[in-house]
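The following briefing concerns a structure with its sequence. It is arranged by topic.

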Amino acid sequence: MNLITRLAAALFALLGLAASLVTISLVTGGLPPERLSALDALVGRIHSLPTLGTQAVLGVVAGAGVVLILSLLILYLQVTRRRGEGPMYLLREDSLGTFRIRKDAIAAIARHVGGEISGVEEVICTAAQNESGDLVLTCRLQLRPVVDLVAAGRRFQETVKATVEEKTGLSVAQVDLETGYVRRRAAREGRRVVN
Amino acid sequence: MSDMKGKTFLTNEVVNQIAGFAARTVSGVHRLGKANLIDRIKGGKAMDAGMKAEVGAEEVAFDIDLIVTYGHPVQEVAENLRIAISTQVKTMLARNVVECNINVIGVHFEDDEEPAPEAPAPRVK
């Protein structure tokens, strides 16, 4: 979806949001119709809404509520980043075109490989490129309490670097780690884990 | 001998479908493009999802979004995909693929998949 389409959808969602909020405010009495006198030509019919019966009011509020939720959903989808639209790293370029890979895909490989290393409980990774174009992975590890932090960190770095290079063909310059121990699970299962 | 004249037009959709079908035969290709809501409802994979073809009278160019299966070298999968698509398009449409840009937008891990339901017990011994 290009930028113009996305902006149009966001604008549509905002209009829907505003219309539904105004409708709900009018029928529930939160907004006096006199306040909308400037828009008489456009919304003259709305003035009759406060005289509706209870069931009709509930129907209008429910309808406006649905529009409100849909508008919020559309707005959320337009604002958040989509899969496939993140930064891409060039893997190869030749006369027949390019091979690129998303940053998230590289991070996912690192996370998967790192998560299988003994003693590692949780991993969060991000990928970036340095000035020379090499990959820099930054990972946050949660280790089991009985694990030697330095040794596990070293093992993680070596394994992740080797695997990411093998799978992607990119050169990994650094694997930066931020490590910590899992606290809550320590008491429950920490003593049972042998590494 | 027939002297009938006419033109055959190819829509982008057909070219996308042919390329999408070729892609399915490549090892390491999990799927093309992201799974959208309609695909999920249908329970299948659209054959031309993730493909954008530009079709000329003699040549074709592609932009492809790819999700690879974990364990396969990404560049090897992309290269095999490019070869498979070029070959199939050349064979079926008699057009050369002059450009094929492949964007790896995700990695699929086998353990992400839901376990297959157990086979029902046989009714006969």
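β2 of chain A pairs with strand β4 (residues 96-108) of chain B in the parallel sense, over three bridges; two strands pair if DSSP finds at least two bridges between them. Helices (H or I, at least four residues) and strands (E, at least two) are DSSP runs, numbered from the N terminus. The model is predicted: local features need pLDDT of at least 70, side-chain atom pairs count only at pLDDT 80 or more, and totals for chains, interfaces and linings use all residues. Residues are numbered from 1 along each chain as its sequence is written, while chains are lettered from A and ligands numbered from 1 in the order in which they are written.

**Contact between the chains**

- The bridge partner of A:I101 in β4(B) is B:V104.
- In total, 20 residues of chain A are in contact with 18 residues of chain B, contact being defined by C-beta atoms, placed from the backbone, that lie within 7 Å.
- On the side of chain A that touches chain B, at least two residues each come from β1 (88-94), β2 (97-102), α4 (103-115) and α5.
- β2(A) gives the most to that side, with six residues.
- The residues of that side comprise eight nonpolar, six polar and six charged; Ala, Val, Leu, Ile, Met, Phe, Trp, Tyr, Cys and Pro count as nonpolar, Asp, Glu, Lys and Arg as charged, and the others, Gly among them, as polar.

**Helix α5 of chain A**

- The 20 residues of α5(A) (residues 149-168) should span 28 Å at 1.5 Å a residue, and the end C-alpha atoms are 28 Å apart, which agrees; the expected span is 1.5 Å times one less than the number of residues.
- Buried residues of α5(A) include A:F156, A:V160 and A:V164, where buried means 20 or more other C-beta atoms within 10 Å of the residue's own, exposed 12 or fewer, and partly exposed in between, with C-beta atoms placed from the backbone.
- The buried residues of α5(A) fall within an arc of 95 degrees seen down the axis, so they line one face of the helix; the arc is that of the directions from the helix axis to the C-beta atoms.
- The face turned away from the buried side carries exposed residues, among them A:R154, A:E158 and A:E166.
- A:E158 is exposed, with 12 other C-beta atoms within 10 Å.
- Just after α5(A), A:G169 takes a positive phi of about 85 degrees.

**Nonpolar core**

- Of the 56 residues in the largest nonpolar core, A:A110, A:L137, B:A19 and B:L66 touch the most other members; such a core is a set of buried Ala, Val, Leu, Ile, Met, Phe, Trp, Tyr and Cys residues joined through C-beta atoms within 7 Å.
- Leaving aside neighbours within four places in sequence, A:L137 is in contact with residues including A:A110, A:V160 and A:V164.

Notes: Two residues are in contact if their C-beta atoms, placed from the backbone, lie within 7 Å.
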